[in-house]
Amino acid sequence: MRVVSLVPSLTEAVATTLPGLLVGATDWCTHPADLDVPRVGGTKYPDLDRIRDLRPDLVLLNVEENRRADATALAAAGVPIRVTYPRTVDGALTELADLLRDLGSAAEPHWLTEARRAWAALPGTPVRRRAVVPVWRRPWVVLGADAFAGDLLHRLGIANPYAEQPERYPRPSLRQLRDQAPELIVLPDEPYRFTRDDGPEAFPGIPCALVSGRHLTWYGPSLAEAPALLAAQLADLYVAH
């Protein structure tokens, strides 16, 4: 098969498990580090003509990562597409297994088996910490309801006050964020690159955890190491004064 991936985490999953299938990926597909395939632009505005020229048997997309308009245009041009939409860790593991099997993997890859074990080994009732999870600023955007990253953090003991709201990515003001009385602020390094110098200063006196956005939001080989890595990062707190 000839596969084009417009989803960075799926690019990593396919390239790691079935080398040679990928014939195209986005500019944001940074893993594996040695991936050498034609690039087709960004995840939001890919070069559709370039994709068609690559003659793919399948294009991989995701509801959150990619635009419906691009999926519709590819399908209308006769390009087979597969759209993923995991909203839980278990859902991601199942979708990955189904995808890789359908692409020709004879057995479940080692990294996927390790991911299942790593997530199953977590305590069933971890100590909960009330936390807000910004994913952007200017304006502030936070993790809300029914999101894969939200389920992942819930398993690691994070209680997100915005998880019960109807919006998947609410846009509260900074004052509204502070009014949630969070015990913790979780700041990933993507899609917005929060750092010690950019983010914590907005929440003086509140502990902040700087975490890997890839391990928080990607569903692929990173899932195997995500529980241990994120748990360590959630315990390594920084307080701006």
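Mentor: Two strands are said to pair if DSSP finds at least two bridges between them. The model under discussion is predicted.

Trainee: What makes β5 and β9 a pair?

Mentor: Strand β5 (residues 129–132) and strand β9 (residues 184–188) are joined by 2 bridges. The definition asks for at least two, so the two strands pair. They run parallel, and A131 has L184 as its bridge partner in β9.

Trainee: In which sheet do these strands lie, and what is its order?

Mentor: They belong to an open sheet of 5 strands, ordered β8-β5-β9-β10-β11, in which the pairing is mixed.

Trainee: Why are β8 and β11 called edge strands?

Mentor: β8 (158–159) and β11 (237–238) each pair on one side only.

Trainee: How many helices and strands does the protein chain contain?

Mentor: The protein chain has 9 helices and 11 strands.

Trainee: Why is the chain described as being as compact as a globular protein of its length?

Mentor: The globule rule gives 18 Å for 241 residues; the radius of gyration is 19 Å, close to that value, so the description holds. The C-alpha atoms fill a box of roughly 55 × 35 × 35 Å along the principal axes.

Trainee: What share of the residues count as buried?

Mentor: Of the 241 residues, 51% count as buried, that is, under 20% relative accessible area. The chain exposes about 11300 Å², with carbon and sulfur atoms supplying 51% of that area.

Trainee: How many side chains are positive and how many negative?

Mentor: There are 26 positive and 30 negative side chains, and the centres of the two sets lie 3 Å apart.

Conventions: Residues numbered from 1 in each chain as written. Predicted model: local features only at pLDDT ≥ 70, side-chain atom pairs only at ≥ 80, totals over all residues. Heavy atoms only, no water. Helix = DSSP H or I, 4+ residues; strand = E, 2+ residues; numbered from the N terminus. Rg over C-alpha atoms; globule rule 2.2 N^0.38 Å. Buried < 20%, exposed > 50% of the residue type's maximum accessible area, 1.4 Å probe, protein only. Areas by Shrake-Rupley, 256 points an atom, 1.4 Å probe, with all protein chains shown as cover. Lys, Arg positive; Asp, Glu negative; His and termini not counted. Charge placed at Lys NZ, Arg CZ, Asp CG, Glu CD.
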